[in-house]
Each structure stands twice: as C-alpha cells, then as structure tokens.
Amino acid sequence: MKNDTRIVHAGRHPEDFKGAVNVPVYRTSTVIARNMDEWDRKHREQASTNEPDLFYGRHGTPTSKALQQAMAELEGGFRSFVYPSGVSACVTAIMAFAGQGEHVLAPDSVYGPVRRISGTMFKRFGIETEFYDPRIGEDIEALVRPTTRVIYVEAPGSLTFEMQDIPAIAAVAHRHGAVVVMDNTWATPLLFRAFDHGVDVSVHAATKYVTGHSDTMLGVVTANEACYERLKAATLDLGQTASPDDCYLALRGLRTMGVRLARQGQAATELAAWLASRPEVERVMSPALPDDPGHAIWKRDFLGASGLFAFALKPDLAKFRREFIDALKLFALGGSWGGYESLVMPIDPPRTVTRYAYSNAGIRLHVGLEDPDDLKDDLAQAFGLINTRT
Ligand SMILES: *Cc1c(COP(=O)(O)O)cnc(C)c1O
C-alpha cells in the first residue's frame with residue numbers, strides 16, 4: 001500500500017468501536033478485570049509484545065494504542081509509545097539506552113532542549129554527551145568509544161537544517177554496538193523512512209505536523225524490534241504517558257498530514273528559492289534547494305520537503321532583523337511549527353564544535369497553508385521596509 005492509503009487506515013478499527021470511524025477517547029485510570037483468570041492473563045500480556053488495549057490508564061488506552069499502531073506502521077518500525085511532549089520523547093529515547101559511565105554522540109545542530117539536558121541532568125547521572133559536526137558522515141567512527149551507547153541524529157538539523165548521512169552513521173554505530181536514535185520530526189514518517197535507513201529508534205514531536213493545528217503537545221517514539229524492550233521499560237519506569245484527548249487530536253491530524261505536508265513542502269520550497277534570489281538574503285538554509293550542501297543526501301534519502309527552513313540576511317542588513325520580523329503580517333512571531341499557519345522566528349543557534357556563520361542575521365520560517373503568493377508579498381513588503389532604512 002502507498003502512504004496516502006496507509007495514513008487513512010492505519011490504527012483504525014471501526015468494527016471494535018460499534019462502527020465509529022474514529023477511535024473514541026477512552027478516559028480511564030482503573031481497568032476492571034472480571035475475575036482472577038482475566039487479571040492474570042492481562043498481566044501476562046502486558047509483559048509480552050502482545051499488550052492488552054487496556055491494562056492501566058498510564059500504560060495506554062485504545063486511543064493511544066491506535067496512534068501508536070498508526071505511527072509504527074507508517075514509519076516501518078516495530079512498536080511506538082506516546083509521551084506528553086516531543087522533549088519527553090527525545091529524553092526518554094536517550095535514557096532508555098545510555099546510563100552512568102556511558103557516552104552519547106549528538107549533532108551540534110541538535111534540538112536545543114536535548115543539548116540542555118545533556119549538560120545538566122544527563123551529566124549529573126554520569127552520561128557524557130559529545131557533540132559532533134552534523135555533516136561528519138562515516139568519519140564519526142573516530143569519535144566512537146567502547147562506552148558509546150547512543151548515536152543521536154537529527155536531519156535536517158534544528159534551526160540550521162544541515163543534512164546528515166544517516167545510513168553511513170548507522171553503519172558505524174552498528175559496527176560498534178551503539179543504538180541510532182533519530183529525531184525525525186521535520187520529515188515525519190512520510191518523508192523519511194527512518195527504519196529503512198538504519199535508524200533503530202525514531203522520535204517525533206507529534207506537537208508539530210502530526211497534530212498539525214498548534215493546539216496539542218505530544219511526543220511519539222518508535223523502536224525496531226531489537227530496541228523495543230528497553231524503550232518500553234524506560235517509558236513505563238519513567239511513567240511516560242499522554243492524555244487520550246491529545247492522542248485523539250493527533251489521530252485526527254494524522255489523517256490529513258499527507259496533503260498538508262505536500263502543500264506546505266511545495267510552498268516552502270518555492271519561497272526558499274525565491275528568497276535565495278533576493279539581494280537582501282545572504283543564504284537560504286534548506287536541503288530542498290539544489291545548491292544546498294545537504295541537497296544530494298536529501299534527494300537520495302528523503303521523499304520530500306516539509307514547510308520549515310531558515311535564511312540569513314546580508315551582514316549589513318542584520319541590524320534590521322527585528323524590524324523585518326515585526327513588519328511581517330502573515331508570518332506570526334512564534335516558536336514551534338507544523339501547524340496550518342505560517343510562523344517566523346529569529347535564530348541564534350548555540351554551537352560547540354562547528355561555526356555558525358550568520359550571527360544575528362538568521363530567520364526561521366514555517367510555511368503554512370496560506371496562498372504562497374500572499375506569503376511572498378508579505379516577505380517582499382518587509383524587505384521593502386528595511387530597504388528604506390539603509
Ligand atoms: C519542537 C521539537 C521538539 C520538541 O517537541 P515539543 O513537543 O515542543 O516538546 C523536538 N524536536 C524537534 C526537532 C522539534 O522541532
């Protein structure tokens with residue numbers, strides 16, 4: 001089946017819910033067993049890979065299980081779990097596989113809160129995180145130690161959109177017994193088949209494109225069969241769970257994610273190319289553009305672009321970044337992304353081992369479902385405004 005078909009049917013079982021098209025919201029903590037035999041059976045099943053739909057609210061409900069099933073199926077993984085946010089998903093995925101005295105490799109372009117916890121709580125717990133150039137490829141082998149348990153990847157990188165050679169990095173990781181954990185939020189399960197490219201554990205901030213309407217916080221982690229037990233144990237031990245209402249919204253969003261992504265990716269690529277031709281722009285950071293350093297890898301491994309990219313103003317215009325952003329009318333100034341609406345945000349990415357060349361000049365755009373011509377006009381009038389300042 002093609003993805004457009006899968007995304008309509010994955011995780012849906014109308015026959016189990018009196019014919020209802022969508023899996024209903026199951027609100028429960030306690031789940032009552034009819035007798036001791038059922039009690040024993042459910043405990044046995046919960047400990048196996050054949051978990052019951054309802055065991056205890058924290059362990060999931062038919063609503064969360066439907067989302068988990070759909071996400072695992074779409075990405076080609078074994079099983080998924082849900083989390084109250086994308087950050088909790090990222091953190092649990094690392095904690096499941098790394099412990100005291102062990103080593104984690106993370107790209108210098110990693111999502112900010114993952115960088116933060118690496119220097120705070122992970123450090124206190126004795127997990128050492130070493131940052132690497134996201135474009136390192138197979139040369140990552142030189143950084144691998146006997147204690148390396150996790151090679152964390154994220155492509156394209158947060159804020160600056162560097163592509164990573166995931167198959168090359170995964171080959172090194174697997175030679176050394178390390179687990180490849182990927183933040184695949186940008187591409188969603190539709191645009192990058194993480195498990196086909198050597199990823200063992202895939203993380204999604206479902207807050208973004210999956211829910212797609214800027215109204216829900218949610219994370220999903222999917223593991224391959226080999227990593228499933230450890231991920232399940234960490235998820236349950238840490239008490240990670242998500243509300244059935246939020247899982248319902250994610251399922252509803254998921255059904256239209258394909259068409260939203262196709263439209264938003266196309267509009268974003270069109271706008272990125274237009275921005276690259278503007279005299280006010282120093283560089284556009286988007287692997288979908290042919291002259292981007294990550295384009296060849298993106299074209300080889302990815303199935304499309306989503307709606308998020310960044311650009312840098314020319315150095316002499318950087319002092320007008322605030323005015324440029326304030327002048328935009330259709331791009332609202334806000335963090336997060338993946339909704340139906342366009343957003344803008346200044347970027348000042350922290351770096352440990354690489355250099356960011358566009359200090360105070362970087363701007364991230366999330367392209368929504370508005371007409372791309374209107375979005376272009378909005379950007380053009382904001383450029384017009386800062387041009388009158390010079
Ligand atoms: C937003 C984001 C997260 C975190 O998701 P939240 O739901 O906001 O906690 C993780 N990774 C990436 C790449 C993100 O953009």
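The largest cavity holds about 120 Å³ of space. Here a cavity is a set of points on a 1 Å grid over the protein atoms alone where a 1.4 Å probe fits but cannot get out, and its lining residues have an atom within 4 Å of a point. A volume is the space filled by probe spheres set on the points, which are joined across faces, edges and corners. Of the 16 residues lining the largest cavity, Arg58, His59, Gly60, Gln68 and Phe81 are the closest to its centre. By class, this lining has four nonpolar, eight polar and four charged residues.

This is a predicted model, in which local features need pLDDT of at least 70, side-chain atom pairs count only at pLDDT 80 or more, and totals for chains, interfaces and linings use all residues. Residues are numbered from 1 along each chain as its sequence is written, and side-chain values use heavy atoms, with hydrogens and water left out.

The second largest cavity has a volume of about 60 Å³. Its lining consists of Arg12, Asn22, Val23, Tyr248, Leu251, Arg252 and Arg255.

What about the ligand? A polar side-chain atom of aspartate 183 lies 2.6 Å from a ligand nitrogen atom. Oxygen atoms of the ligand lie 2.5 Å from a polar side-chain atom of threonine 207 and 2.7 Å from one of lysine 208. The protein covers 91% of the 380 Å² of accessible area that the ligand has on its own (Shrake-Rupley method, 1.4 Å probe).

How values were computed. Polar contact = N/O pair within 3.5 Å; in protein donor to acceptor, adjacent residues only side chain to side chain. 1 Å grid on protein atoms, 1.4 Å probe; cavity = no way out; pocket = protein on both sides within 12 Å on 5 of 7 lines; lining within 4 Å. Nonpolar A, V, L, I, M, F, W, Y, C, P; charged D, E, K, R; others polar.
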